[in-house]
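Please open the structure in your viewer and keep the selection panel at hand.

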Amino acid sequence: MQFKTLQSLCLALLIASPFMVQAKFEIQPFATPEQEDDYKQLIGELRCLVCQNQNLADSNAELAQDMRKQVAKQLRKGSKPDEIVAYMVNRYGDFVMYRPPFKATTMLLWLGPLVFFIVAAGVIASFMRKQKTEDIDLSEQQTDKAHSLLDDD
Amino acid sequence: VSRYFVLGGFLLLMGVFAVVLSKMGSGEYNPRDIPTEFIGKTAPEINVPDLYNPEEMVTTISMRGRVWLFNIWGTWCPECWREHEYLNQLAKSGVPIVGLNWRDERQEAQAMINRLGNPFISIGYDPDSQVAINWGVYGAPETFLINEQGQIVAKHAGGITPKVWQKKFKKYFEKSASESSSNQQNEVKS
């Protein structure tokens with residue numbers, strides 16, 4: 001009985017945990033639901049610069065907090081989302097975008113993994129071809145000897 | 001043939017590794033160094049409360065026509081403490097430096113300056129990253145070099161050391177000194 005209570009408590013905590021994490025972040029009040037949507041989208045698109053692979057929405061780093069405030073402030077002033085992204089890119093470069101744009105300077109970033117994959121697949125394929133056993137023609141005598149050797153134990 | 005192919009690939013990777021490692025060793029390549037988009041662009045205007053006097057604003061309009069450094073620091077940043085003595089030396093040798101205290105308590109920031117000395121012409125106070133974000137700052141210390149036309153010419157993320165100074169900043173001050181002295185000569189002639 002007690003175990004069951006514990007179990008359901010754990011389950012409840014597990015289900016609630018994502019909301020508890022979100023509750024940590026500051027709340028940004030907006031005049032319109034459109035601004036709120038833009039805000040949510042923007043903090044998902046912009047990178048936390050001092051984190052390892054997190055966007056602004058995921059991070060509670062101090063710079064990320066202040067960048068979220070900056071995004072909210074500009075939205076309230078009436079800036080369009082692309083203007084805000086452009087503002088950040090002008091200052092922090094393409095790196096600030098969580099999904100960097102596909103262009104000449106980011107080509108390696110996007111195609112690099114594919115190139116690695118193709119090279120690796122080629123190497124593995126060539127190894128596998130080599131390891132394939134060749135069919136050898138055995139005489140009857142040799143086959144018998146092989147059988148006797150195998151049955152020895 | 002494929003054996004040579006694999007060996008070639010291995011050597012290529014070794015080569016890349018060695019080059020990156022040697023560059024990191026000489027301080028040229030820092031994986032955390034985000035290349036600034038700002039080089040050659042006009043520096044953003046600064047209009048921010050003074051660290052010592054909240055009613056007074058620190059602006060950099062008066063810096064037009066001079067080559068100067070803009071240094072972003074905080075008491076929470078160990079490298080800022082380390083570079084401070086060298087900033088004092090630079091200031092003493094006549095390099096104009098404007099400071100920006102970033103994400104600090106006023107009292108703590110003032111205490112650090114009182115203890116280590118003040119190399120800055122003036123210090124802006126930026127507790128919520130308004131100026132820092134506007135300048136594309138993502139860590140401290142960072143130092144920008146702004147030329148006579150108000151353009152950002154160079155930037156360094158990390159502490160200023162004699163080596164960094166020699167490599168990144170010194171030449172611009174020499175140029176400006178010789179130019180301004182030749183300007184003075186022209187003025188005398190005319």
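A residue is called buried when its relative accessible area is under 20%, exposed when that area is over 50%, and partly exposed in between, using a 1.4 Å probe and protein chains only. The model is predicted: local features need pLDDT of at least 70, side-chain atom pairs count only at pLDDT 80 or more, and totals for chains, interfaces and linings use all residues. Residues are numbered from 1 along each chain as its sequence is written, chains are lettered from A and ligands numbered from 1 in the order in which they are written, and side-chain values use heavy atoms, with hydrogens and water left out.

**Stop 1: chain B as a whole**

Select chain B and colour it by secondary structure. Helices (H or I, at least four residues) and strands (E, at least two) are DSSP runs, numbered from the N terminus. Chain B contains 5 helices and 7 strands, and from the N terminus on their order is α-β-β-β-α-β-α-β-α-β-β-α. Of the 190 residues in this chain, 42% are buried. Contact here means heavy atoms within 4.5 Å. Among contacts in chain B between residues at least 6 apart in sequence, 71% join residues at least 24 apart.

**Stop 2: aromatic rings in chain B**

Next, select B:Trp68, B:Phe70, B:Trp135 and B:Phe144, which form one aromatic cluster. Rings of Phe, Tyr and Trp (its six-membered ring) pair if their centres lie within 6.5 Å; planes under 30 degrees apart count as stacked, over 60 as edge-to-face and the rest as tilted. Over all chains, 8 aromatic pairs are counted by this rule. One of them joins B:Trp68 and B:Phe70 edge-to-face, with 6.2 Å from centre to centre and 65° between the planes. B:Trp68 counts as buried because its relative accessibility is 3%. B:Phe70 is likewise buried, at a relative accessible area of 1%.

Now centre the view on B:Phe144. Setting aside residues up to four places away in sequence, B:Phe144 touches residues including B:Phe38, B:Leu69, B:Ile72, B:Val137 and B:Ile152.

**Stop 3: the nonpolar cores**

In soluble globular proteins, nonpolar side chains tend to be buried together. A nonpolar core is a set of buried Ala, Val, Leu, Ile, Met, Phe, Trp, Tyr and Cys residues joined through side-chain atoms within 4.5 Å. The largest such core has 43 residues, and those with the most contacts inside it are A:Met67, A:Met88, B:Phe70, B:Trp135 and B:Phe144. Two or more residues each come from helix 2, helix 3 and helix 4 of chain A, and from strand 3 (68–73), strand 4 (97–102), helix 4 and strand 6 (142–146) of chain B. A second, separate core of 25 residues includes B:Leu69, B:Cys77, B:Val164 and B:Trp165.

**Stop 4: helix 4 of chain A**

Select residues 81–92 of chain A, which make up helix 4. This helix has 12 residues and reaches 16 Å from its first C-alpha to its last, close to the expected 16 Å; the expected span is 1.5 Å times one less than the number of residues. Its buried residues include A:Ile84, A:Val85, A:Met88 and A:Arg91. Which elements cover the buried residues of this helix? Among them are helix 2 (33–45) and helix 3 (62–76) of chain A, together with helix 4 (130–134) of chain B.

Just after helix 4 of chain A, A:Gly93 takes a positive phi of about 80°. Select A:Asp94 next, in the loop between helix 4 and helix 5 (107–131) of chain A. A:Asp94 is buried, with a relative accessible area of 18%.

**Stop 5: A:Asp66**

Move to A:Asp66 in helix 3 of chain A. Is A:Asp66 buried or exposed? A:Asp66 counts as buried because its relative accessibility is 2%. Not counting residues up to four places away in sequence, A:Asp66 touches B:Arg103, B:Pro127, B:Asp128, B:Ser129 and B:Ile133.

**Stop 6: the disulfides**

Finally, display the cysteine side chains. A disulfide is a pair of cysteine sulfur atoms within 2.5 Å, and the count over all chains is 2. A:Cys48 is joined to A:Cys51 with an S to S distance of 2.0 Å, and the link is right-handed, with 60° about the S-S bond. B:Cys77 is joined to B:Cys80 at 2.1 Å; this link is right-handed, with 90° about the S-S bond, and both B:Cys77 and B:Cys80 are buried.
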